[in-house]
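Welcome! Please take a look at the sequence and the model below, and then let us walk through some of its features together.

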Amino acid sequence: MKTNVIYNENCIEGMRKIDSNSVDLIIADPPYNLSKGSNILWDHTTNINLGGNWNKTMQKWDNYELNDYISFTIAWLKEAQRILKPTGSMWIFGTYHNIGIVNTVCQLLNIEIINEVIWYKRNSFPNLAGRRLTASHENILWCHKNEKKKRQYYFDYEYSKESEFSEDNLKEKGKQMRTVWDIPNNKEKRELKFGKHPTQKPLRLLKRMINLSTKENDTILVPFSGAGSECLASKELNRNFIGFEIEKEYYDISIKRINDGDIQ
Ligand SMILES: C[S@@+](CC[C@H](N)C(=O)[O-])C[C@H]1O[C@@H](n2cnc3c(N)ncnc32)[C@H](O)[C@@H]1O
């Protein structure tokens with residue numbers, strides 16, 4: 001499959017066309033299944049809360065029955081495991097709504113979890129109803145294929161320990177990186193230049209993952225590419241990417257971002 005392309009396609013079908021053991025990293029930001037339960041239309045001005053201050057976005061791509069969500073998770077993770085190199089690894093985003101399912105499916109498929117990272121969002125939106133604590137983190141699993149039960153995944157330990165992460169109040173240069181990352185969730189102006197995605201990830205977070213677990217010219221697969229943030233972060237760090245996004249609206253934003261000259 002050609003690299004440095006985002007395909008407007010279902011990732012499970014798209015991944016079937018990719019050779020086994022061929023990608024160095026997968027960054028998966030799947031639907032969290034937050035939109036369950038009604039036909040309320042998404043309205044930016046209301047905050048319908050589901051377990052914290054998570055906006056119930058009511059996106060059709062995020063609305064599964066529990067059994068279907070489990071089957072969907074098994075289907076994409078099986079393909080991801082097949083195409084990942086034994087030296088590769090995979091970062092998977094989630095919240096408590098879905099991360100337990102992702103974690104269980106990884107264990108069932110013998111995908112080994114290397115770490116669970118807590119992405120602490122110190123600037124997260126307050127809980128307007130005042131009925132819960134303010135949700136201010138996401139759970140990220142870092143996993144590897146576990147081929148022949150060997151830990152062959154690439155990890156740039158030097159980068160993790162010695163690099164400067166000036167905006168992260170929990171990371172000290174020269175000390176080992178911990179599993180809690182203090183990274184503000186706001187985006188730079190250029191990240192929103194062509195429109196917003198309701199669950200868009202900041203480039204600085206994705207770049208940290210890419211630097212930790214790949215080398216220049218490696219290939220990164222992004223099964224749920226949304227507005228193209230992971231693909232753009234890959235491009236800016238001289239890595240190759242393959243993206244899949246099922247919704248034309250987001251696919252169009254991602255293509256504009258990738259083709260924009262505004263690259264750092
Ligand atoms: C959580 S969002 C990803 C946002 C992305 N990280 C960004 O920063 O823009 C998940 C995306 O996956 C897409 N999606 C859902 N199911 C899909 C599938 N089976 N194949 C490809 N894309 C899918 C949705 O349309 C949505 O844009």
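How many of the 11 residues of helix H5 (residues 203-213) are buried? The count is 10 of the 11, so helix H5 is largely enclosed by the rest of the structure. Buried here means under 20% relative accessible area, exposed means over 50%, and partly exposed covers what lies in between, with a 1.4 Å probe and protein chains only. The buried residues of H5 include Leu203, Lys207, Arg208 and Ser213. Helices (H or I, at least four residues) and strands (E, at least two) are DSSP runs, numbered from the N terminus.

Before going further, a word on the model: it is predicted, local features need pLDDT of at least 70, side-chain atom pairs count only at pLDDT 80 or more, and totals for chains, interfaces and linings use all residues. Residues are numbered from 1 along each chain as its sequence is written, and side-chain values use heavy atoms, with hydrogens and water left out.

**Around the ligand**

The ligand has 24 residues around it, and Asp29, His197, Ala227, Ser229 and Glu245 come nearest. Ala, Val, Leu, Ile, Met, Phe, Trp, Tyr, Cys and Pro count as nonpolar, Asp, Glu, Lys and Arg as charged, and the others, Gly among them, as polar.

Glu245 has a side-chain N or O atom 2.6 Å from an oxygen atom of the ligand. Glu230 places a polar side-chain atom 2.8 Å from a nitrogen atom of the ligand, while a polar backbone atom of Cys11 is 2.9 Å from a ligand nitrogen atom. Taken alone, the ligand exposes 610 Å², and the protein buries 98% of that. Such areas come from the Shrake-Rupley method with a 1.4 Å probe; for residues, only the protein chains shown count as cover.

Helix H6 (residues 229-236) is mostly covered, with 7 of its 8 residues buried. Just after H6, Asn238 takes a positive phi of about 60°.

**Positive phi angles**

Most residues other than glycine have a negative phi. Asn4, in the segment before S1, has a positive phi near 60°, and Asn4 counts as partly exposed because its relative accessibility is 39%. Asn217 sits in the loop between H5 and strand S7 (219-222) and has a positive phi of about 70°. With a relative accessible area of 57%, Asn217 is exposed.

**Side chains in contact**

The table lists some polar contacts between side chains. A polar contact is a pair of N or O atoms within 3.5 Å; within protein, one must be able to donate a hydrogen and the other to accept it, and residues adjacent in sequence count only if both atoms are side-chain atoms.

| Side chains | Contact |
|---|---|
| Glu9 and Lys17 | 2.5 Å |
| Gln107 and Asn103 | 2.6 Å |
| Asn139 and Glu116 | 3.4 Å |

Where do these residues sit? Glu9 is in the loop between strand S1 (5-7) and helix H1 (11-15), and at 17% relative accessibility Glu9 counts as buried. Gln107 belongs to helix H3 (residues 99-108) and is exposed, at 57% relative accessibility. Asn139 is part of strand S5 (residues 137-144) and, at 9%, counts as buried.

**The second largest pocket**

Rolling a probe the size of a water molecule over the atoms shows where empty space is left. About 220 Å³ of space lies in the second largest pocket. Of the 15 residues that line this pocket, Asn115, Trp142, Phe155, Met177 and Arg178 are the closest to its centre. On a 1 Å grid over the protein atoms alone, a pocket is an open set of points where a 1.4 Å probe fits, with protein on both sides within 12 Å along at least five of seven lines, and lining residues have an atom within 4 Å of a point. Grid points are joined across faces, edges and corners, and the volume is the space filled by probe spheres set on the points.

Which element gives the most to the lining of the second largest pocket? S4 does, with 3 residues. The lining has 10 nonpolar, 4 polar and 1 charged residues.

Methods:
A residue is near a molecule or strand if one of its heavy atoms lies within 4 Å of it.
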